[in-house]
Amino acid sequence: MPPRDMEPITAPSSRMRPYGDTPRQRKDTSFSGSAPTAHRGRGKSCRMAAPGKVAAFRLPPLPTIGDIIKLYRLKAQKQLSQNFLLDLRLTDKIVKHAGNLKNAHVCEVGPGPGGITRSILSAGVEQLLLIEKDARFIPGLQLLSEAAPGKVHIVHGDILTYKMEKAFPKHLKKSWEDEPPGIHIIGNLPFSVSTPLIIKWLENVSKKDGPFIYGRTQMTLTFQKEVAERLTANPGGKQRSRLSIMSQHLCTVENCFVIPGEAFVPKPEVDVAVVHFTPLVQPKIEQPFELVEKVVRSVFQFRRKYCFRGLETLFPESGRLKRTEQLMMTANVDPTLRPFQLSMSQFRNLCNTYRKMCDEDPSLFVYNYREELKEKKTRRLLKSTEETEKENEL
């Protein structure tokens, strides 16, 4: 069922037509699939099943992804970091790493021309929600919707603002301590949106809201290879970063496999990796997301210096040295370690200790090091201006 705030629109007939002939769809419009017409009599939507067994779903004959791109005159837009994956063997592999999707409810982010979409449908899902920001792809996705009647719901909107807590039926909800629900998020993410989106979803994991209101929803997403290495880096690794801590303290993160850049059209300058996330029952750092992010961001602010230097930025200039020493001593962290050398347990100790310090002095948490620097710079500028004016008067 579509979310209540979305207006369902019946998909047009399955006769293919150029994008220019398709009515323009407004933003945040949703589409529901209707029964296919063009394929009647020649492609069955399911295989013949033995008596007593449920028939396995199979898509009817469809144009190739390359044909869809040509038919609707689709071109990847560089400013949107778009790259098309045409090899269905690779899209099948991505979907396979998502786990068992039979009878599952899946949300695909940024389906584009629909390569991964076909592989998801072929996996036997119960329902597939497609969230696509670029209106040019909607007609091609409607074609897939018609080929899988009743299974596909298309939303023209932005995943960063879409209300995921309304995306799936309420009966799918599971307790956080239970096994993950039959809900999956899958997406070949544009490079420009991948990092802010995973940070947003990690915050949702921490607060158990958004798509995680249903339980420990699993995610299978693509990232630049370097970003994937950061997400999965171990202590001491050269790619260990803020992303490593923020993701691994909340999820089991698996770097599944690498897709070479030449597999995409147009070819990106980097390779792409597929990463699978399963939220943990118990986070490794049991503190509010905002507090953990503030501590971790401060530590990695001066990545090549001793961690003491980054942790100093948690405290106002007055009493900074004393408070930083107190933090590190209480947390039992060697101040001469580099940020990438710190273990998860050391980050946990730092966050727990900082939380106690904030409880004792609430002004600490709202303190912003960069704002203090800006104010000092402004004061110096004003003082310099005043001195110049006095010299001119003389």
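**Close-up views of side-chain pairs and a helix contact**

Across the whole structure, a search finds 13 salt bridges, a salt bridge being a side-chain nitrogen of Lys or Arg within 4 Å of a carboxyl oxygen of Asp or Glu. The model is a predicted one, in which local features need pLDDT of at least 70 and side-chain atom pairs count only at pLDDT 80 or more, while totals for chains, interfaces and linings use all residues. Residues are numbered from 1 along each chain as its sequence is written, and side-chain values use heavy atoms, with hydrogens and water left out.

**View A. Salt bridge between R323 and D361.** The side chains of R323 and D361 meet at 2.8 Å, N to O. This pair links distant parts of the chain, with R323 in helix α10 (residues 320-331) and D361 in the loop between α11 and α12 (363-366), 38 residues apart; helices are DSSP runs of H or I with at least four residues, strands are runs of E with at least two, and both are numbered from the N terminus. R323 has a relative accessibility of 24% and therefore counts as partly exposed, and D361, at 21%, is also assigned to the partly exposed class (buried means under 20% relative accessible area, exposed over 50%, and partly exposed in between, with a 1.4 Å probe and protein chains only).

**View B. Salt bridge between D359 and R355 within helix α11.** The side chains of D359 and R355 meet at 3.3 Å, N to O. The two residues are separated by about one helical turn, because they stand 4 residues apart in helix α11. D359 counts as exposed at 52% relative accessibility, whereas R355 counts as partly exposed at 31%.

**View C. Salt bridge between K374 and E371.** Here the N to O distance is 3.9 Å, and both K374 and E371 lie in helix α13 (residues 369-393), 3 residues apart, about one turn of the helix. K374 counts as exposed at 52% relative accessibility, while E371, with a relative accessible area of 39%, is partly exposed.

**View D. Contact of helices α8 and α11.** Helix α8 (residues 289-299) packs with helix α11 (residues 344-360) at an angle of about 120°, and their axes are 10 Å apart; the axes are lines fitted to C-alpha atoms, for helices over the stretch in contact, and angles run from 0 to 180 degrees between N-to-C directions. From α8 the contact (heavy atoms within 4.5 Å) involves L291, V292, K294, V295, V296 and V299, and from α11 it involves F347, L350, C351, Y354 and R355.

**View E. Aromatic pair of F168 and Y214.** The structure holds 5 aromatic pairs, rings of Phe, Tyr and Trp (its six-membered ring) being paired if their centres lie within 6.5 Å, with planes under 30 degrees apart counted as stacked, over 60 as edge-to-face and the rest as tilted. The ring centres of F168 and Y214 are 5.5 Å apart and the planes stand at 85°, so this pair is edge-to-face. F168 lies in the loop between β6 (152-156) and β7 (183-187) and Y214 in the loop between α5 (191-207) and β8 (218-224), so the pair ties together parts that are 46 residues apart in sequence. Both residues, F168 and Y214, are buried.

**View F. Aromatic pair of F315 and Y354.** With centres 6.2 Å apart and planes at 70°, the rings of F315 and Y354 form an edge-to-face pair. Distant parts of the chain are linked by this pair, F315 in the loop between α9 (307-311) and α10 and Y354 in helix α11, 39 residues apart. F315 and Y354 are buried.
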